[in-house]
Amino acid sequence: MYLLDNTLRPYAWGSFTAMAELFGREPSGQPEAELWIGAHPGAPSSLVPPVPDAETLDQLITADPQQMLGRETAETYGNVLPFLAKVLAAGTPLSLQVHPTREQAREGFAAEEAAGLDRAAPNRNYRDDNHKPEMIFALTPFEALCGFRQPDEAAELFRAAIRAIEARGGETPELLSWAVSELSSGHEPADRLQSVFRTLISDGEDVREAVRVAAGALAGSAPEDLEPFAKELGTAADLNAYYPEDPGVLLSLLLNRASLQPGEAVYLPAGNVHAYLSGLGIEVMASSDNVLRGGLTPKHIDVAELLKTVDFRPVDVPLLSPVHTQMGQELYRPPFGEFQLQRIELEQRAQDTAEGYSPAASMSGSDVSVLQNGPTIVIVVRGTVVLDSPKGDLVLETGQSAFIPSAEAPVIAKLSAHSAQHDDGALAFAVTVGSADAEGAGSAEPLPAF
């Protein structure tokens, strides 16, 4: 097992306090947006201490992929770690975005490479040639926009915005009335949504006027006057405060508005338009940094490339429910082959106290077997955890993480003597490769849109 040192990304939308509070340390004084834990070449985790011929996790894997990844993972994913884990802390809304399919990523990356476009160029769409399906597990209340709602529902939201404008004596922009008509037409749902999305994202002066008028009326309305759509309409007004006259303000009304409670998770396949609004969570994805943005950002937006990627079919928010194994493992299995997530809750129990707790003893009532379907990463977010393997133990404090090679198994997560004595327990997460039947593995339930 290898202790990791990870890169903290100070993106502007990051929270100044959430990650520091989670890990019990002082804030850095800059936005702390994403802690990258993995082997992605953009920010590979460092080994602590380094080993001969390897200072970072990607170098370690390259030196011996069969040992580190396991034969099946190495052959399936080309000798690279197929997943990337992050701790994500959104202090302000992220961009409205979508991720490409694997085929789109390969084609787009190859085209930009052939054109000689620097991989760090601000107008680059594809940083690598991989797709980026992902999931987010909420550690705190977590707010998001996720996938297209039914067009008839979206039409009701636009009608409510028009009512707010008229209640304040304003004149309704023609574009808003057209959107209601288009969303209410008899065409196929995806076609209705696509028509309105394409028009709004064109970002013409009529779009900016519609955003300006609608957002002004919504911001000036009392929440009770916006019921039963106060959350959605309030979100639009809030987004305009961050990004005035941005098309994403009105585009948000086409999307499901989701509120996750701690312990809930959603997964996002390719083509799903989404935006994280606020909250702290564990994010897991295929190892990629490919993002196509559609608004709510000062960064590069390629509308033509985005429109080739978006899936316009309306969906329910895909809430990912846990499954529990006979070994007491709590697993979140999205329908992607690259990854699955294990939540590891370690609590002090009476039998441990009565027997005299020893982290090196055989499994007690609070110990949990770490799921290892090939390579595994473990991160501790509360308390102190002992990872016990046949090759030795590794102690992880709050905020620390480790890489477990495929060849090092089985590993048991145990509550450390320190955490046991203080009766505060521990919480950790383990990420490993998805199951062979991952395309049907997700236990997905609709999450009501608000």
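**A guided reading of the predicted model**

T235 touches R257 and L277, leaving aside residues up to four places away in sequence.

Strand β10 is joined by five bridges to strand β9, residues 142-148, and the two run antiparallel. Within this pairing, E143 has S259 of β10 as its bridge partner.

A further antiparallel arrangement is found in an open sheet. Four strands make up this sheet, in the order β18-β23-β20-β21, with antiparallel pairing. Its edge strands are β18 (368-369) and β21 (392-396), each of which pairs on one side only. Strand β18 pairs with β23, residues 412-415, in the antiparallel sense over two bridges. The bridge partner of V368 in β23 is A413. In general, strands of a sheet pair through backbone hydrogen bonds, in either a parallel or an antiparallel manner.

The helices can be examined next. Two packed helices are described by the angle between their axes and by the distance between those axes. Helix α6 (residues 151-167) and helix α9 (residues 205-219) have axes that come within 8 Å and cross at roughly 75°. Because angles of 65 to 115 degrees count as roughly perpendicular, α6 and α9 are placed in that class. On the α6 side, A161, A164 and I165 meet V213, A214, A217 and L218 of α9. By class, this contact of α6 with α9 comprises seven nonpolar, no polar and no charged residues.

Helix α6 also packs with helix α8, residues 189-201, at an angle of about 40° and with the axes 9 Å apart. This geometry makes α6 oblique to α8. The contact is made by P151, D152 and F158 of α6 together with P189, R192, L193 and L200 of α8. Sorted by class, the contact of α6 with α8 has five nonpolar, no polar and two charged residues.

The aromatic residues complete the tour. A pair of aromatic rings is described by the distance of the centres and the angle of the planes. A search of the whole structure finds nine aromatic pairs. In one of these, the rings of Y267 and F336 have centres 5.7 Å apart and planes at 75°, so the pair is edge-to-face. Y267 belongs to strand β11 (residues 265-268), whereas F336 is in the loop between β16 (330-332) and β17 (340-346); the pair therefore ties together parts that are 69 residues apart in sequence. Y267 has a relative accessibility of 13% and so counts as buried. F336, at 7% relative accessibility, likewise counts as buried.

F336 takes part in a second pairing, with F339: the ring centres lie 5.7 Å apart and the planes stand at 50°, so this pair is tilted. Both F336 and F339 are buried.

Notes
Residues numbered from 1 in each chain as written. Predicted model: local features only at pLDDT ≥ 70, side-chain atom pairs only at ≥ 80, totals over all residues. Heavy atoms only, no water. Pairing = 2+ DSSP bridges. Axes fitted to C-alpha atoms, helices over the stretch in contact; angles between N-to-C directions. Parallel < 35°, antiparallel > 145°, perpendicular 65-115°, else oblique. Contact = heavy atoms within 4.5 Å. Nonpolar A, V, L, I, M, F, W, Y, C, P; charged D, E, K, R; others polar. Phe/Tyr/Trp six-rings, centres within 6.5 Å; stacked < 30°, edge-to-face > 60°. Buried < 20%, exposed > 50% of the residue type's maximum accessible area, 1.4 Å probe, protein only.
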